Amino acid sequence: MRGRICGTGSYIPEHYYDNNDLAKFVETNDEWIRERTGIVRRHIAEEDTTVSMAIKAAKNALTDAKLNADDLDLILVSTITPNTVIPSTACEVQKELGAVNATCFDISAACSGFVYAYNTAQAYIAAGMYQNILVIGSETLSGIVNWKDRGSCILFGDGAGAVVIAPDDKYGIEALSLHNDGNAGDALSCSTSGHIAMNGQEVFRFAVRRVPEVIEEVLGKCGWSKEDADLYVLHQANIRIIQSAARRLDIDIDRFAVNLDEYGNTSAASIPLLLAQLDDEGRLEQGKRIVCSGFGAGLSWGAAALTW
Ligand code: UT7
């Protein structure tokens with residue numbers, strides 16, 4: 001059986017910083033940020049938390065999937081910014097939803113988190129252990145960003161995306177590939193009480209090399225040509241990374257979905273947030289072929305090819 005996305009939802013806090021707002025407290029400017037990253041705004045949680053945003057996105061996804069909370073067998077939350085170390089964010093979501101039948105745990109794979117969580121969901125579905133699985137990416141990165149570091153603070157934002165995944169014998173996951181390189185982990189780090197520290201150029205070089213590689217790998221696994229995939233949904237880190245992937249793969253840039261201009265890099269939330277937005281816009285018809293790819297701290301990277 002294949003894990004198929006049968007509902008999507010998202011939640012974004014209203015408040016945002018645009019590039020000019022950032023220029024008030026770090027030495028930067030709108031032109032530099034737009035040119036080097038493509039980002040214009042990033043939304044910032046004021047009242048909201050990782051848990052509250054996860055719950056709101058989850059409720060929207062459940063409504064979209066036409067499921068009740070007690071239909072859920074498993075809740076997976078991918079986050080690097082939990083409200084608390086314990087209990088897990090997934091347990092907090094379970095409590096609020098009343099998803100009494102669900103097993104719950106968190107996954108820590110940073111910006112690759114959604115692809116890792118989808119992989120986990122697929123493994124449980126293929127094993128026949130769980131049916132209805134809620135996968136959430138939720139992040140409050142504004143709480144761990146070093147707001148004095150212009151090389152990183154301009155990138156990140158807050159938000160949540162969620163999908164419901166259920167078994168299907170025709171549509172859903174086609175292939176998955178995940179990779180890690182712990183030896184290179186220092187390029188992007190954050191201690192439990194500290195701030196994000198990043199070697200931007202190193203992470204950039206890693207991303208532009210590994211993302212096309214892993215996309216080619218999943219395309220090969222499911223026997224699709226590059227043109228067979230209708231839509232590429234990459235982690236939203238930097239428009240130049242997306243453009244570089246398109247160039248290296250020789251795929252028309254119009255096949256790459258983008259919303260980083262509005263939300264910046266929301267880590268584990270970015271792919272489900274973008275999927276929910278595309279779904280709302282009616283751009284995800286049944287049978288559409290989609291390739292998702294996440295990459296980031298760990299280092300970690302991966303891709304998932306699926307039929308909608
Ligand atoms: O989810 C994965 C998470 N991380 C990423 O994906 C990040 C990947 N890396 C990047 O996106 C890019 O490396 C950055 C956007 C972080 C930086 O862009 P860059 O083109 O690699 O810039 P750079 O670090 O090479 O810096 C170029 C210049 C430097 O000045 P000098 O030495 O040439 O005078 C920086 O000091 O730009 C300067 N600079 C800035 N200027 C204005 C760096 N940050 C800023 C800034 N505003 N915010």
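1. A polar contact is taken here as a pair of N or O atoms within 3.5 Å, where within protein one must be able to donate a hydrogen and the other to accept it, and residues adjacent in sequence count only if both atoms are side-chain atoms. At the start of helix H7 (residues 239-249), a side-chain oxygen of Asn238 comes to within 2.8 Å of the backbone nitrogen of Arg240. Helices (H or I, at least four residues) and strands (E, at least two) are DSSP runs, numbered from the N terminus.

2. This is a predicted model, in which local features need pLDDT of at least 70 and side-chain atom pairs count only at pLDDT 80 or more, while totals for chains, interfaces and linings use all residues. Residues are numbered from 1 along each chain as its sequence is written, and side-chain values use heavy atoms, with hydrogens and water left out.

3. Within H7, the buried residues (under 20% relative accessible area, with exposed meaning over 50% and partly exposed in between, for a 1.4 Å probe and protein chains only) are Ile239, Ile241, Ile242, Ser244, Ala245, Ala246 and Leu249. They pack against helix H2 (30-37), H6, S11, helix H8 (260-263) and S12, contact meaning heavy atoms within 4.5 Å. After H7 comes Asp250, whose phi is positive, near 60°.

4. An open sheet of mixed pairing is formed by four strands in the order S8-S13-S12-S11, two strands being paired if DSSP finds at least two bridges between them. Strand S8 (172-180) and strand S11 (231-234) each have a single partner strand and stand at the edges, so one side of each is left without a neighbour in the sheet. From one strand to the next, the twist averages 15°.

5. S8 pairs with strand S13 (residues 300-307) in the antiparallel sense over eight bridges, and Gly172 stands opposite Thr307 in S13. Helix H5 (residues 113-126) packs on the sheet, touching S8, strand S12 (289-296) and S13, and its direction makes about 125° with that of S8. Helix H6 (residues 200-222) also packs on the sheet, touching S8, S11, S12 and S13, with its direction at about 140° to that of S8. For these angles, axes are lines fitted to C-alpha atoms, for helices over the stretch in contact, and values run from 0 to 180 degrees between N-to-C directions.

6. Eight of the eight residues of strand S6 (residues 133-140) are buried, so S6 is largely enclosed by the rest of the structure. Strand S4 (residues 74-78) runs parallel to S6, joined by five bridges, whereas S6 and strand S7 (residues 158-168) are antiparallel over eight bridges. Ile136 of S6 stands opposite Val77 and also opposite Ala162 in S7.
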